[in-house]
Amino acid sequence: MNIKDSVALVTGGNRGLGKSLVQALLAAGARKVYVGSRKLTESSDTRIHPLKLDVTSEQDVAAAVAACPDVNILINNAGVASSVSFLAPTSLQGARVEMETNYFGMLRIVQAFAPVLKRNGGGMIVNILSNVSWFTSPALATYSATKAAAFSLTEGIRIELKSQGTRVAGVYAGFIDTDLTAQIDAPKVSPDVVAANTIKGILEDQEDIFADPGSRGVKAALDNDRQAFYRAIQQRWDAAH
Ligand SMILES: NC(=O)c1ccc[n+]([C@@H]2O[C@H](COP(=O)([O-])OP(=O)(O)OC[C@H]3O[C@@H](n4cnc5c(N)ncnc54)[C@H](OP(=O)(O)O)[C@@H]3O)[C@@H](O)[C@H]2O)c1
């Protein structure tokens with residue numbers, strides 16, 4: 001997919017990975033980037049078009065469709081994580097917010113923008129997923145469930161949207177150094193690296209974009225021996241609890 005002169009929409013584009021994606025799209029030649037965010041941001045860059053867009057709001061999404069008729073690259077990046085296990089006392093509450101944002105929000109945006117992409121020649125949908133789309137991290141359990149649901153959504157809409165010429169990609173990474181992982185003490189990749197690899201994946205029409213140095217290895221390990229992968233997770237969990 002060509003990025004030069006394209007018009008992109010990035011949800012949750014005001015900070016973290018979304019902000020890096022906006023800059024990377026512009027550096028790759030995007031003509032216009034709509035930056036969706038819950039609170040309107042300002043920019044002196046005339047290529048940036050701030051857009052009030054809470055992905056859990058039907059009203060905001062309908063208004064965004066009306067305001068962005070020229071989009072041909074949609075990046076579903078908005079996401080939240082409550083970073084708890086399934087049996088944590090607050091898990092249900094957090095799970096609902098996560099599911100509403102990471103899964104239902106993505107579904108709502110895809111449904112709303114599929115006709116826009118069709119009118120603009122097909123274009124591309126890029127869903128920011130995670131390595132935990134493939135397995136459950138017990139410490140990030142409710143979040144993992146939403147990313148697995150978003151993975152399923154990604155695979156399904158690829159089939160449904162093929163006939164209208166819309167390409168669909170999933171982006172996979174482990175920990176990225178953003179506010180989302182501020183409480184997590186683990187090696188993290190820079191959001192700029194993930195954004196750069198995402199841009200490369202878009203340009204190369206990749207369906208599975210392995211956007212950090214570790215994600216391809218994680219996928220290979222799971223494909224090779226899922227039970228061994230989970231045995232290692234169990235050992236770490238048992239040692240910590
Ligand atoms: N960080 C990681 O380790 C990691 C790894 C793999 C995948 N991801 C995924 O990468 C994406 C970006 O996360 P990040 O790491 O950049 O986190 P972040 O720094 O916390 O940024 C999250 C972004 O999502 C926005 N957002 C949250 N709820 C929203 C809603 N209802 N409507 C619209 N925007 C909303 C936030 O907006 P506000 O400023 O209004 O809160 C913010 O712009 C997420 O989908 C996340 O799951 C992250």
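Q: In this predicted model, which residues is Leu-140 in contact with, leaving aside its neighbours within four places in sequence?
A: Leu-140 lies in the loop between E5 and helix H4 (141–161). Setting aside neighbours within four places in sequence, its contacts are Ser-83, Val-84, Phe-175 and Ile-184.

Q: Is Leu-140 buried or exposed?
A: The cut-off for buried is under 20% relative accessible area. Leu-140 has 9% relative accessibility, so this residue counts as buried.

Q: What separates the C-alpha atoms of Leu-140 and Val-71?
A: Along the chain, Leu-140 and Val-71 are 69 residues apart.

Q: How many Å apart are the end C-alpha atoms of helix H1 (residues 16–27)?
A: H1 has 12 residues. At 1.5 Å a residue, the helix should span 16 Å. The distance between its end C-alpha atoms agrees with that: 17 Å.

Q: Which helix is included in what covers the buried residues of H1?
A: The buried residues of H1 include Leu-17, Leu-21 and Leu-25. Among the elements covering the buried residues are strands E1 (7–10) and E2 (32–37). The cover also includes helix H5 (191–203).

Q: Are helices H2 and H3 roughly parallel or roughly antiparallel to each other?
A: The axes of H2 (residues 58–67) and H3 (residues 91–119) come within 10 Å and cross at roughly 20 degrees. Angles under 35 degrees count as roughly parallel. H2 and H3 are therefore roughly parallel.

Q: How many nonpolar residues does the contact of H2 with H3 have?
A: H2 contributes Glu-58, Val-61, Ala-64 and Val-65, while H3 brings Arg-108, Ile-109, Ala-112, Phe-113 and Val-116. By class, two residues are charged, none is polar, and the nonpolar ones number seven.

Key: Residues numbered from 1 in each chain as written. Predicted model: local features only at pLDDT ≥ 70, side-chain atom pairs only at ≥ 80, totals over all residues. Heavy atoms only, no water. Helix = DSSP H or I, 4+ residues; strand = E, 2+ residues; numbered from the N terminus. Expected span 1.5 Å × (residues − 1). Buried < 20%, exposed > 50% of the residue type's maximum accessible area, 1.4 Å probe, protein only. Contact = heavy atoms within 4.5 Å. Axes fitted to C-alpha atoms, helices over the stretch in contact; angles between N-to-C directions. Parallel < 35°, antiparallel > 145°, perpendicular 65-115°, else oblique. Nonpolar A, V, L, I, M, F, W, Y, C, P; charged D, E, K, R; others polar.
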